[in-house]
Structure formats: structure tokens, C-alpha cells
Number of protein chains: 2
Amino acid sequence: MLTRIDHIGIACFDLDKTVEFYRATYGFEVFHTEVNEEQGVREAMLKINETSDGGASYLQLLEPTREDSAVGKWLAKNGEGVHHIAFGTADVDGDAEAIRAKGVRVLYDQPRIGSMGSRITFLHPKDCHGVLTELVTGNPEQSTAHH
Amino acid sequence: MLTRIDHIGIACFDLDKTVEFYRATYGFEVFHTEVNEEQGVREAMLKINETSDGGASYLQLLEPTREDSAVGKWLAKNGEGVHHIAFGTADVDGDAEAIRAKGVRVLYDQPRIGSMGSRITFLHPKDCHGVLTELVTGNPEQSTAHH
């Protein structure tokens with residue numbers, strides 16, 4: 001069951017400048033940064049609020065590490081903006097299978113590793129009214145370490 | 001101070017079909033519907049979680065009521081997808097003025113009425129790394145009535 005808006009993924013050309021925009025304009029601070037070589041992104045997570053399921057909602061700022069990554073191609077076509085939205089669940093495996101059984105294309109056979117050690121998968125935007133949609137199960141140990 | 005992701009605004013061609021997609025796929029239920037003639041939209045709010053500031057996070061599904069509305073024009077150009085993101089604050093007036101003073105274009109001189117009696121304004125996407133960004137102060141009475 002999806003129990004929170006986990007994050008909004010925003011693609012940008014320059015991660016440092018975009019982080020600085022969010023800090024200077026709104027006071028949002030960087031909670032975590034990492035490079036995900038498989039996804040071809042360098043990212044910063046800005047924690048906005050905690051959520052009633054014990055998780056949190058973040059902005060995820062994404063800069064491609066290579067032009068031929070999914071985010072790199074998307075940026076070349078669309079320019080900066082919202083790239084995807086993500087819902088949090090305690091059971092990404094079960095939810096992904098249930099959603100696949102409803103005829104929505106799930107992009108990975110099995111969940112892969114996302115931000116902060118989470119396990120993630122994506123749903124095809126053409127099956128989701130134009131919205132690239134991610135499902136996320138957080139890594140409890142990493143969450144604990146940050147709190 | 002912005003204290004939550006208040007909602008993600010998603011533009012769609014057919015509100016009823018899109019509501020049904022979110023219900024059938026994820027189990028999300030409609031919390032509220034309304035028509036905002038000034039904005040030229042018919043909308044459904046799906047409540048996803050409550051937030052640590054005492055508010056909540058929603059998906060806001062938006063169907064234009066006329067082709068020449070902002071959302072209607074956006075849909076004609078972009079197709080269905082994420083139209084804007086919104087941050088919640090207790091003081092949309094003060095935050096909008098502070099952000100305007102930093103050189104970010106605020107689209108309204110004074111906040112206008114948004115979903116569920118809230119007061120809202122928007123920041124120019126070209127000043128926000130491509131993201132149309134809304135600031136929202138909820139209507140306490142309406143929120144109480146729904147809880």
C-alpha cells in the first residue's frame with residue numbers, strides 16, 4: 001500500500017546551482033547527496049517534512065552524470081523541471097507485482113537500489129496519464145542513522 | 001516558512017478517468033472536488049498522507065474547463081503530466097513577499113483563493129529551474145471540517 005508522497009524528482013543542469021536556489025529561496029537544506037552510477041545521476045535530497053506513516057517527503061534534485069542517461073536524455077528534450085514523482089510503501093515488491101497485474105507496465109523486473117539505500121521501481125508514464133511514477137521502500141537502517 | 005509538500009498538481013484531459021486510474025491502481029480516494037472558475041479548472045484532491053506540520057499532502061488532479069485557461073494551454077503544449085508543485089506555509093503573504101524580495105517573480109500581487117478555501121500564489125517557473133511552484137496557506141475551518 002502506498003502511504004506517502006516520498007519525493008518529487010526534479011531534473012536540473014547544475015546540481016550545485018539548483019541546491020543553492022532551494023536554500024537561498026526557501027531555506028531548504030541538503031539532507032543527503034549521492035551518485036547513482038546505474039541511474040547516471042548525481043543527486044541531492046532535501047527533506048521537507050515528515051509523514052504520518054513514519055517516513056518523510058523530500059525534493060530529489062537530479063543532475064545527469066552522462067548525456068545518454070535517462071535523465072540526461074529527458075533534460076535534453078524537456079529542459080529543467082519535474083521528472084518524476086515517488087510514492088512510499090513498506091512493500092515495493094508486492095505493490096509492484098499487484099500494479100503489474102492490473103496491466104500497468106513496471107519498468108524493472110525486480111526493484112533496484114535508489115536514494116539512501118532504498119529499493120525502487122518505476123511505472124511507465126504512458127500507463128500513468130503522463131506521469132513517470134516511482135515506488136520506494138526506504139532502507140530502515142539508513143533512515144535511523146539520519147534521524 | 002515552507003513546512004510541507006502540500007500537493008503535486010497533475011494536468012489531465014479527463015478528470016473522471018484519471019481519478020479512476022488513481023483509485024484502481026493505487027487505492028487513492030477522492031477527498032474533495034471543486035471547480036475553480038478563476039483558474040479555469042475542475043479538480044479532485046486525493047489525500048495521500050498527513051504531515052508533521054499538522055497539514056497533509058495531496059495529489060491535485062486538474063482538468064481544464066476551457067481551452068484558453070492556463071492549464072488548458074499547458075496541456076495542449078505538453079500533454080498530460082505534472083503541471084506544478086506546491087509547498088505549504090502558515091503565512092503565504094509573508095513568504096511570497098520575502099521570495100519576491102529575492103528577485104523571484106511572484107505571479108499574483110496578492111494571494112488568490114485555491115483548493116478547499118486555501119490562499120495561494122505562484123512563482124514563475126523560469127525563476128525556479130523550470131518548476132511552476134505554488135505556495136499555499138490552508139483554510140483552517142475547511143481543514144477541520146474534513147477531519
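Guide: Start with a definition. A strand is a DSSP run of E with at least two residues, and strands are numbered from the N terminus. The model here is predicted.

Visitor: What makes the phi of B:His129 worth a remark?

Guide: Most residues other than glycine have a negative phi. B:His129 is not a glycine, yet its phi is positive, about 50 degrees. B:Met116 is another such case, with a positive phi of about 55 degrees although it is not a glycine.

Visitor: Where in chain B is B:Met116 found?

Guide: In the loop between strand S6 (112-113) and strand S7 (119-123).

Visitor: Why is B:Met116 called buried?

Guide: Buried means under 20% relative accessible area. B:Met116 has 12%, so it counts as buried.

Visitor: What makes B:Thr121 a buried residue?

Guide: The cut-off is again under 20%. B:Thr121 has 1% relative accessibility, so it counts as buried. This residue is found in strand S7 of chain B.

Visitor: Which residues is B:Thr121 in contact with, leaving aside its neighbours within four places in sequence?

Guide: Contact means heavy atoms within 4.5 Å. The partners of B:Thr121 include B:Val92, B:Ala96, B:Tyr108 and B:Leu135.

Visitor: Why is B:Glu37 called exposed?

Guide: Exposed means over 50% relative accessible area. B:Glu37 has 55%, so it counts as exposed. B:Glu37 lies in the loop between strand S2 (30-36) and strand S3 (41-50) of chain B. B:Glu37 and B:Val19 are 18 residues apart in sequence, and their C-alpha atoms are 20 Å apart in space.

Visitor: Why are the two copies said to be related as by a two-fold rotation axis?

Guide: Look at the superposition. Chain B can be laid on chain A by a turn of 180 degrees and a shift of 0.0 Å along the axis, with an RMSD of 0.0 Å. The two copies are thus related as by a two-fold rotation axis. The same surface serves both copies, as 100% of the contact residues of chain B recur in chain A.

Visitor: Which residue of chain B comes closest to the rotation axis?

Guide: B:Thr51, at 2.3 Å by its C-alpha.

Visitor: How do you know whether chain A agrees with a compact globule?

Guide: The rule is 2.2 Å times the number of residues to the power 0.38. With 147 residues, that comes near 15 Å; chain A has 15 Å, so the two agree. The C-alpha trace of chain A spans about 45 × 35 × 25 Å along its principal axes. Buried residues make up 56% of the 147 residues in chain A.

Visitor: How many helices and strands does chain A have?

Guide: Chain A has 4 helices and 8 strands. Along the sequence, they follow the pattern β-α-β-β-β-α-β-α-β-β-β-α.

Key
Residues numbered from 1 in each chain as written. Chains lettered and ligands numbered in written order. Predicted model: local features only at pLDDT ≥ 70, side-chain atom pairs only at ≥ 80, totals over all residues. Heavy atoms only, no water. Buried < 20%, exposed > 50% of the residue type's maximum accessible area, 1.4 Å probe, protein only. Least-squares fit on C-alpha atoms with pLDDT ≥ 70 in both.
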